[in-house]
Amino acid sequence: MTAGLQTILYTVNDLEAAKAVFHAMLGVAPIADAPYYVGWNIDGQDIGLIPNKDGAGVLGPVAYAHVTDIRKSFEALLEAGAIEKEAVHVVGGGRLVASVEFEPGNVVGILQNP
């Protein structure tokens, strides 16, 4: 189903403040810096910040497993008892993402690269 948990995304209320903290912590500038996403790749681990646009996002980290068929993987998670948190949708660069809650407060995501 997956190629492993390769991406961790943090939904943040203040993108600029979070970017400054992560820049200081990681010691390098981000490789992607846009109003909708700021991201680093540290030794193959993708770490990203996304803005909490409507105030309803999951604050804190969500780990994303990279999958080859996101729709099939999403259905398998729902059939296993997970609850849809974020339906499959396209984000920057044609990437597809979705997330589920497997118990109250615990969210995991899946990601398919184009």
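Visitor: Which strand does Val12 lie in?
Guide: Heads-up, this is a predicted model: local features need pLDDT of at least 70, side-chain atom pairs count only at pLDDT 80 or more, and totals for chains, interfaces and linings use all residues. Residues are numbered from 1 along each chain as its sequence is written, while side-chain values use heavy atoms, with hydrogens and water left out. Strands (E, at least two residues) and helices (H or I, at least four) are DSSP runs, numbered from the N terminus. Val12 belongs to the run of residues 2-12, which is strand 1.

Visitor: Does Val12 count as buried or exposed?
Guide: The cut-offs are under 20% relative accessible area for buried, over 50% for exposed and partly exposed in between (1.4 Å probe, protein chains only). Val12 has 12% relative accessibility, so it counts as buried.

Visitor: How far apart are the C-alpha atoms of Val12 and Gly60?
Guide: Along the chain, Val12 and Gly60 are 48 residues apart.

Visitor: On to helix 1. What span should its 12 residues have, and what do the end C-alpha atoms give?
Guide: Helix 1 covers residues 15-26. The expected span is 1.5 Å times one less than the number of residues. For helix 1 that comes to 16 Å, and the end C-alpha atoms agree with it, at 16 Å.

Visitor: How wide is the arc that holds the buried residues of helix 1?
Guide: The buried residues in helix 1 are Leu15, Ala18, Lys19 and Phe22. They line one face of the helix, because down its axis they fall within an arc (taken from the directions from the axis to the C-beta atoms) of 105°.

Visitor: Which exposed residues sit on the face of helix 1 turned away from its buried side?
Guide: Look at the helix 1 face that points away from the buried side. The exposed residues it carries are Val21 and Ala24.

Visitor: Which residue caps the N-terminal end of helix 1?
Guide: A polar contact is a pair of N or O atoms within 3.5 Å; within protein, one must be able to donate a hydrogen and the other to accept it, and residues adjacent in sequence count only if both atoms are side-chain atoms. Here a side-chain oxygen lies 3.3 Å from the backbone nitrogen of Glu16.

Visitor: Which residues are linked in the network of salt bridges?
Guide: A salt bridge puts a side-chain nitrogen of Lys or Arg within 4 Å of a carboxyl oxygen of Asp or Glu. Lys19 makes one with Glu16, closest N and O atoms 3.3 Å apart, and one with Asp33, at 2.9 Å. Lys19 is in helix 1 and Asp33 in strand 2 (residues 32-34), so the latter pair ties together parts that are 14 residues apart in sequence. The linked residues are Glu16, Lys19 and Asp33.

Visitor: Which residue in the turn between strand 3 and strand 4 has a positive phi?
Guide: Strand 3 (residues 37-42) and strand 4 (residues 45-51) pair in the antiparallel sense over five bridges, where pairing takes at least two DSSP bridges. They form a hairpin with two residues between them. The turn residue with a positive phi, about 50°, is Asp43.
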